[in-house]
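Morning, everyone. Have a look at the model first.

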Amino acid sequence: MSVASQDSGAARIVTVTEPRIDAALAIRFKDDMRAATRDGPDRVILDLAGVEFVDSSGLGAIVASMKQLGANRRLDLAGLTPLVEKVFRLTRMDAVFRIYNSVDTALAG
């Protein structure tokens, strides 16, 4: 499995356990996210602190995970490394997601 999850108050924290989300892992990531977020709180925080690289397939998988949550649930991102943050900024996906420095900051926000 490429993710691990736990609930914290009114949020489910999903932590990516792989250092990359790329074409080789994108489909498994989407499946794992669907399983981890099938039910539970309306807010999901995706902890990307351990992810060093995201390519366009990985970015698409993260967007697909947001869409599969539906209109009444929210996917926030936390702990982006500089390279991953740059991908989100260059593709303007930083305007689509709420991005926090850490899971703790996301939980406080």
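Start with Arg-28 and Glu-18. Their side chains form a salt bridge, 2.7 Å from N to O. This pair links distant parts of the chain, ten residues apart. Arg-28 sits in helix H1, residues 26-36. Glu-18 sits in the loop between strand E2 (11-16) and strand E3 (20-21). Buried or exposed, or in between? Arg-28 is partly exposed, at 37% relative accessibility. Glu-18 is also partly exposed, at 24%.

A word on the source: this is a predicted model.

Now the wider count. How many salt bridges does a search of the whole structure find? Eight.

Next pair: Arg-12 and Asp-7. Their side chains meet in a salt bridge at 2.6 Å, N to O. Look at the burial here. Arg-12 has 10% relative accessibility; the cut-off for buried is under 20%, so Arg-12 counts as buried. Asp-7 comes out at 45%, which puts Asp-7 in the partly exposed class.

Which residues are linked with Arg-12 in a network of salt bridges? Asp-7 and Asp-39.

Last pair: Asp-22 and Arg-20. The salt bridge between these side chains is 2.9 Å, N to O. Arg-20 is partly exposed, at 40%.

To recap. Arg-28 is partly exposed, and so is Glu-18.

Definitions and conventions
Residues are numbered from 1 along each chain as its sequence is written. This is a predicted model: local features need pLDDT of at least 70, side-chain atom pairs count only at pLDDT 80 or more; totals for chains, interfaces and linings use all residues. Side-chain values use heavy atoms; hydrogens and water are left out. A salt bridge is a side-chain nitrogen of Lys or Arg within 4 Å of a carboxyl oxygen of Asp or Glu. Buried means under 20% relative accessible area, exposed over 50%, partly exposed in between (1.4 Å probe, protein chains only). Helices (H or I, at least four residues) and strands (E, at least two) are DSSP runs, numbered from the N terminus.
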